[in-house]
Amino acid sequence: MIIINGKRWRVQLVPPSHPYLLTHNLTTAFGCCDNIKKTIYINNTLSAEMIKKVLCHEIVHAFMFSYMIDLSYSEEELVAELMSQYGENILETTNIIYDGIRMK
């Protein structure tokens, strides 16, 4: 369980046949963030590396829901994908620069 802005979210690894991973066009999603159930569902057949990326992507959705950040579907997907692909690099670069500024 994680808490985001005072809201409790669960994370569940589920089989690809789980109903929450079924998309509107009947394909299987890697993950899903359900704002009503406050649950993130992750396909348990993914590699460890993909689970981490999908988890980050879905956590970004949970943050947006929890902080009531209202974006269009495509904007929300773009932000979530940006963070899942480059979030660690962004934070690492920020910390390096910040540590340099703080030392002066």
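Which element gives the largest share of the lining of the second largest pocket? Keep that in mind while we look around.

First, some ground rules: this is a predicted model, where local features need pLDDT of at least 70, side-chain atom pairs count only at pLDDT 80 or more, and totals for chains, interfaces and linings use all residues. Residues are numbered from 1 along each chain as its sequence is written, and side-chain values use heavy atoms, with hydrogens and water left out.

**Stop 1: strands 3 and 4.** Select residues 31-34, which make up strand 3, then residues 39-43 for strand 4. (Strands are DSSP runs of E, at least two residues; helices are runs of H or I, at least four; both are numbered from the N terminus.) The two strands run antiparallel, joined by 4 bridges; strands pair if DSSP finds at least two bridges between them. Click Asp-34 and its bridge partner in strand 4, Thr-39. Now try Lys-38: this hairpin residue takes a positive phi near 50°.

**Stop 2: Met-64.** Pick Met-64 in helix 1 (residues 48-66). Is Met-64 buried or exposed? Buried, because its relative accessible area is 4%, and buried means under 20%, exposed over 50%, partly exposed in between (1.4 Å probe, protein chains only). Leaving aside neighbours within four places in sequence, Met-64 is in contact (heavy atoms within 4.5 Å) with residues including Ile-69 and Glu-76. Met-64 and Glu-76 sit 12 residues apart in sequence, with C-alphas 8.2 Å apart.

**Stop 3: back to the opening question.** Helix 2 gives the largest share of that lining, 8 residues.
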